[in-house]
Amino acid sequence: MQQQQQLRCCSSDCAFSDALFFSRRAVESIVDDEVTKCFSAQELENWNLLTRSNCRFRHISLRLTVLWGLGLLLRYCLLLPLRVALAVSGVPLLLVLTPLVSCLPDGALHSGLSEKVHIVCYGVFVRALTAIITYHHQENKPRDGGICVANHTTPIDIIILANDGCYSLVGQVHGGLMGLLQRALVKASSHIWFERSEAKDRHLVAKRLGDHVADKNKPPILIFPEGTCINNTSVMMFKKGSFEVGCSVYPVAIKYDPRFGDAFWNSSKCGIISYLLWTMSSWAIVCSVWYLPPMKREDGESAVDFSNRVKSAIAAQGGLVDLVW
């Protein structure tokens with residue numbers, strides 16, 4: 001600031017370096033703003049001996065280098081192969097069991113078996129990630145006919161929540177591995193997949209959500225209103241479409257412990273397969289899940305105000321920064 005004041009107090013003679021000074025300060029402000037930070041890996045106060053952490057910490061001392069090397073061998077030579085083998089076994093299990101359930105007629109047996117299959121398969125995936133999950137206030141778990149909304153850090157959020165109950169998922173149609181899993185899941189349960197062109201039609205999305213929640217025999221819908229992954233430090237603006245349906249909303253706060261593994265997925269830097277391998281090579285995925293009491297839209301309250309109220313409740317419970325962006 002002193003340099004800036006000195007430049008302002010200078011005479012009318014202006015050098016090219018003066019413009020560069022203000023340009024550099026402007027760029028620094030843009031790069032260091034609170035929104036941009038949400039799309040990069042969370043900074044840690046202490047190094048957790050993971051290769052994903054700051055690399056310059058590896059060789060501070062010989063003892064630290066030896067510990068890092070032993071941890072590297074343990075994670076990549078023992079834990080990673082076991083986790084990959086467990087995950088690979090879970091995918092065929094899902095692909096085989098869901099078509100079998102789809103052969104049953106609609107009814108209590110179909111719904112019960114579908115829920116069991118989903119919970120068993122998601123349980124296998126949770127163990128493949130070595131996920132240590134603590135669920136709080138389970139009396140507030142989403143019920144049939146409602147919408148469950150949660151903050152979004154990673155695709156693993158779905159596995160974390162579905163390990164404790166059956167949900168219907170909403171999302172765009174994907175290709176590759178995720179598309180294969182989507183086609184398998186929809187055979188045994190009622191999920192809502194949109195083509196990209198359909199997802200832009202807000203009225204069509206609202207109608208399909210309304211039709212789903214009107215059927216009390218279907219599982220609650222799981223939605224991540226942020227629409228993108230945030231680095232587990234903040235909650236960004238919720239899209240209002242999920243709050244226009246007119247049913248009970250069940251907020252859920254998810255908070256990961258970055259000391260044991262960074263769960264944030266930066267989709268612009270790595271694909272889903274690379275991300276999963278990266279995650280399974282960490283020490284563990286440790287997180288806490290809070291089920292908040294259901295919330296309803298008040299008389300005269302707009303969908304935007306309702307979404308902001310739900311977002312604030314999730315941020316307060318998870319210890320996250322409530323951003324307006």
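In the predicted model, the side chains of Asp 257 and Arg 259 meet in a salt bridge, with an N to O distance of 2.7 Å; the term denotes a side-chain nitrogen of Lys or Arg within 4 Å of a carboxyl oxygen of Asp or Glu. Asp 257 is buried, at a relative accessible area of 18%, whereas Arg 259 is exposed, at 55%. Here buried means under 20% relative accessible area, exposed over 50%, and partly exposed in between, computed with a 1.4 Å probe on protein chains only. Because the model is predicted, local features need pLDDT of at least 70 and side-chain atom pairs count only at pLDDT 80 or more, while totals for chains, interfaces and linings use all residues. Residues are numbered from 1 along each chain as its sequence is written, and side-chain values use heavy atoms, with hydrogens and water left out.

A search of the whole structure returns six salt bridges. One of them links Asp 211 to Lys 207, the closest N and O atoms being 3.1 Å apart. Both residues belong to helix α8 (residues 202-214), and because they are four residues apart in this helix, about one helical turn separates them. Helices (H or I, at least four residues) and strands (E, at least two) are DSSP runs, numbered from the N terminus. Asp 211 is partly exposed, at 46% relative accessibility, and Lys 207 is exposed, at 53%. A further salt bridge is formed by Glu 244 and Lys 240, with 4.0 Å between the closest N and O atoms. In this pair, Glu 244 is partly exposed at 27% relative accessibility, and Lys 240 is partly exposed at 34%.

Strand β8 (residues 285-291) is mostly covered, with seven of its seven residues buried. In a regular strand the side chains alternate between the two faces of the sheet. In β8 both faces are covered: one side carries Ile 285, Cys 287, Val 289 and Tyr 291, the other Val 286, Ser 288 and Trp 290, and all are buried.

Strand pairing requires that DSSP find at least two bridges between two strands. Strand β1 (residues 131-136) runs parallel to β8 and is joined to β8 by six bridges. Within this pairing, Ile 132 stands opposite Val 286 of β8. Strand β7 (residues 249-256) runs antiparallel to β8, with five bridges between the two. Ala 253 has Trp 290 as its bridge partner in β8.
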